[in-house]
Amino acid sequence: MNFCSFHHESMVWQQKARLRIDSESDDGPFQVLICWQCEDAACAAACPVEAIILDQQTGAWVVQEDICVGCGECVTACPYGAMYLDETRGVSIKCDLCQGAPECALLCPTKAISLERVI
Ligand code: SF4
Ligand code: SF4
């Protein structure tokens with residue numbers, strides 16, 4: 001989460017991370033909340049201003065922040081808990097695959113994260 005927020009926002013702030021780790025205790029079990037870049041993206045379908053666009057090159061659904069009005073419909077619609085509202089900026093945030101080279105996958109010390117295309 002720290003790599004993610006630093007890459008996107010130049011700050012270590014878990015509420016700015018696009019990937020989140022959920023757990024009931026420090027010992028786990030741990031649940032990773034991450035965007036699956038769905039073929040039929042519920043977040044994009046729910047957006048009333050069509051602010052979530054598919055990047056054809058990377059396969060990532062990307063929030064156009066200049067169009068987003070911060071309504072939170074996408075946050076409610078995502079079945080994986082992978083959309084968040086950035087309350088300081090009034091826009092939604094989600095994983096954009098870091099232009100095709102996700103920092104989390106590059107930096108994970110145990111290589112627990114990888115980027116794979118499922119056809
Ligand atoms: S944010 Fe949720 S609904 Fe949208 S593409 Fe990612 S996993 Fe799918
Ligand atoms: S928060 Fe932004 S991206 Fe999400 S549904 Fe509303 S306008 Fe669309």
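Cys 74 is in contact with Cys 43, Ala 46, Cys 47, Ile 52, Met 83 and Ser 92, its neighbours within four places in sequence being left aside. In this predicted model, Cys 74 also belongs to the largest nonpolar core, which has 16 residues. Together with Cys 43 and Ile 52, Cys 74 is among the residues with the most contacts inside that core.

Several of these names return around the two ligands. Ligand 2 is surrounded by 14 residues, and the closest are Cys 47, Cys 68, Cys 71, Cys 74 and Ser 92. By class, the shell of ligand 2 holds 10 nonpolar, 3 polar and 1 charged residues. Around ligand 1 there are 13 residues, of which Cys 35, Cys 38, Ala 41, Cys 43 and Cys 78 come nearest. The shell of ligand 1 divides into 11 nonpolar residues, 1 polar and 1 charged.

Cys 68, one of the residues closest to ligand 2, is placed in the loop between β4 (61-63) and α3 (73-77).

The chain as a whole has 4 helices and 6 strands, and along the sequence they follow the pattern α-β-β-α-β-β-α-β-β-α. Its C-alpha atoms fill a box of roughly 40 × 35 × 25 Å along the principal axes. For 119 residues a compact globule would have a radius of gyration near 14 Å, and the chain agrees with this expectation because its own value is 14 Å. Buried residues make up 21% of the chain. Among contacts with a separation of 6 or more, 41% join residues 24 or more positions apart.

The β1 and β2 hairpin may be taken next. Strand β1 (residues 20-23) pairs with β2 in the antiparallel sense over 4 bridges, and Ile 21 stands opposite Val 32 in β2. The hairpin has 6 residues between the strands, and there Gly 28 takes a positive phi near 90°. The peptide bond from Gly 28 to Pro 29 is cis, with omega near 5°; Pro 29 is found in the loop between β1 and β2.

Leu 33 lies in strand β2 (residues 30-33). Leu 33 touches Arg 20, Asp 22, Tyr 80, Gly 81 and Ala 82, residues up to four places away not being counted. Its C-alpha atom is separated by 5.9 Å from that of Leu 19, 14 residues apart along the chain.

Most residues other than glycine have a negative phi. Glu 50, in the loop between α2 (42-46) and β3 (52-54), has a positive phi of about 50°. Lys 111, in the segment after α4 (103-107), has a positive phi near 55°. Glu 50 counts as exposed, with 10 C-beta neighbours inside 10 Å, and Lys 111 is exposed with 9 other C-beta atoms within 10 Å.

Definitions and conventions:
Residues are numbered from 1 along each chain as its sequence is written. Chains are lettered from A and ligands numbered from 1 in the order in which they are written. This is a predicted model: local features need pLDDT of at least 70, side-chain atom pairs count only at pLDDT 80 or more; totals for chains, interfaces and linings use all residues. A residue is near a molecule or strand if its C-beta atom, placed from the backbone, lies within 6 Å of it. Ala, Val, Leu, Ile, Met, Phe, Trp, Tyr, Cys and Pro count as nonpolar, Asp, Glu, Lys and Arg as charged, and the others, Gly among them, as polar. Helices (H or I, at least four residues) and strands (E, at least two) are DSSP runs, numbered from the N terminus. Two residues are in contact if their C-beta atoms, placed from the backbone, lie within 7 Å. A nonpolar core is a set of buried Ala, Val, Leu, Ile, Met, Phe, Trp, Tyr and Cys residues joined through C-beta atoms within 7 Å. A residue is buried if 20 or more other C-beta atoms lie within 10 Å of its own, exposed if 12 or fewer, and partly exposed in between; C-beta atoms are placed from the backbone. Two strands pair if DSSP finds at least two bridges between them. The radius of gyration is taken over C-alpha atoms; the globule rule is 2.2 Å times the number of residues to the power 0.38.
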